[in-house]
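Welcome, and please open the model in your viewer. We will take it one selection at a time.

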Amino acid sequence: MKKQFLNLGKQPIANGFLQEKDIPNEYLFDLTAEVDTETWLVSLGQFVPGEMMFNDTYAYRASMSNTMQKFFKREADAFRKGEGDVPMKTLEIGSNDGVFIKHFDPKHTIAVEPCGNFAEETNKMGYKTYPDFWDDELALTILDKHGKQDLVFAANCMCHIPAIQNAFENVAKVLSDDGVFVFTDPSLASMINRGSYDQLYDEHAHIFSVTALGNILDKAGMRIIDVEHFSGIHGGSNQISAVKKTCLTPESEAVQRAYDYEEAIGLSNLDTYMNYAKRVQKSKDDLITLLMSLKQRGKKIIGYGASSKSTTVLNYCGVDSSVIEYFIDTTPEKQGKLTPGTHIPILTPEEGLTDDVDFAFLGAWNFASEISSKEKALAGRFITHVPMVHLT
Ligand code: TYD
């Protein structure tokens, strides 16, 4: 049975940065979260059609932060060690701007990326990239043209797919008998522990717990052999390694530890979700109170990092350009545009980081340490809502 536990109100496409002329046609939907009390999978109550989010103008570039560049390099280095004498056939689902596959040999690496702008970039880099969604037809095409794959990798992608059971079944189809499916997505435990409700937005059709993944992968003929937690990636992510049930690779101790931990923090208990919803409401109240008191004192507040996550926060809390004058962001695709739903202008850091800035709302709170080490002048004047509303 599915139980709704959170309602974050009307929300736009989180990465739908727009121009003034696009405002009248902006798409809004009801952002709610529910939990399935059989599998404990947390999903959005309403899914947004994939083509509206992942298209030729998709703005999120994984390469935009050093943290992510380093993470993907380290990941790629670890996997390439496993290549041995025989080249490992690798498929990445959701290759974005090539931040991961660029470390692999294009001769035996293929990719899937529905955002046409990025698929074009990685095709030009020499990696055969299918500009399509991961579905039955594409899985069969890959099987037919490239055969079974030894490594199927997906970072911040599987949680985007509404029909997740089917998506995992298609991974099982293309995975070689001893192959490994490695995927990383934001962790439900981290979201609940940190009160980071902004992981919920249109693209995140699901926020995975290991518990829910164990249930769904089992039905797709796979089993989890390892779980690694990255506290610094997207505010806390789990990397899951899974194999076909027939594969003999043993399960690491980390798997049971993850199940035990999730049981201990109550992820299989409806009360946990209801209590979490109360904390989210308090976070909203506290953020509005802080912003209003700074505004009343005549302070200039800007936003730092126009992340998808900040779209959820700004729209849920009703914060617009009367409170946050503008955002700064390093992503060229976002600069000169407006934030989705709240229509706050986005400037380059060079334009917006002026001496008269009093406070900066940290939209990219997940990069707090990277940002605070380069923005020492703003120390103590960053506003964040994670894990509770405070200045940092
Ligand atoms: P991010 O947290 O990566 O993703 P999501 O959109 O999934 O919530 O977004 C961070 C944004 O912050 C991204 O647009 C890049 C930007 N950014 C800066 O402008 N400056 C920085 O120093 C860093 C680290 C990020």
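## A walk through the sheet and the cores

Start by selecting I302 and A360: I302 stands opposite A360 in β15. Keep in mind that this is a predicted model. Now widen the selection to residues 301-304, strand β12, and residues 359-362, strand β15; the two pair in the parallel sense over 4 bridges.

Next, bring in the neighbours. These strands belong to an open sheet of 6 strands with mixed pairing, in the order β14-β13-β12-β15-β16-β17. At its edges you will find β14 (346-347) and β17 (390-391), each pairing on one side only.

What lies across β12, β15, β16 and β17? Select residues 270-296 to see helix α9, which runs at about 155° to β16 (382-384).

Now color the largest nonpolar core, which has 51 residues; L6, Y273, I324 and I383 touch the most other members. Elements giving two or more residues to this core include β1 (2-11), β2 (29-36), α10 (308-317) and β15. Helix α9 gives the most, with 8 residues.

Zoom in on I324. Leaving aside residues up to four places away in sequence, I324 touches I301, I302, G303, L314, V319, I344 and F361. Apart from this core lies another, of 39 residues, with V112, I161, F181 and I224 among them.

For the last stop, select β10 (residues 222-230) and β11 (residues 237-244), which pair in the antiparallel sense over 8 bridges. Here H229 stands opposite N238 in β11. The hairpin has 6 residues between the strands, and H234 takes a positive phi near 50°.

Methods:
Residues numbered from 1 in each chain as written. Predicted model: local features only at pLDDT ≥ 70, side-chain atom pairs only at ≥ 80, totals over all residues. Heavy atoms only, no water. Pairing = 2+ DSSP bridges. Contact = heavy atoms within 4.5 Å. Axes fitted to C-alpha atoms, helices over the stretch in contact; angles between N-to-C directions. Core = buried A, V, L, I, M, F, W, Y, C linked by side-chain atoms within 4.5 Å. Buried < 20%, exposed > 50% of the residue type's maximum accessible area, 1.4 Å probe, protein only.
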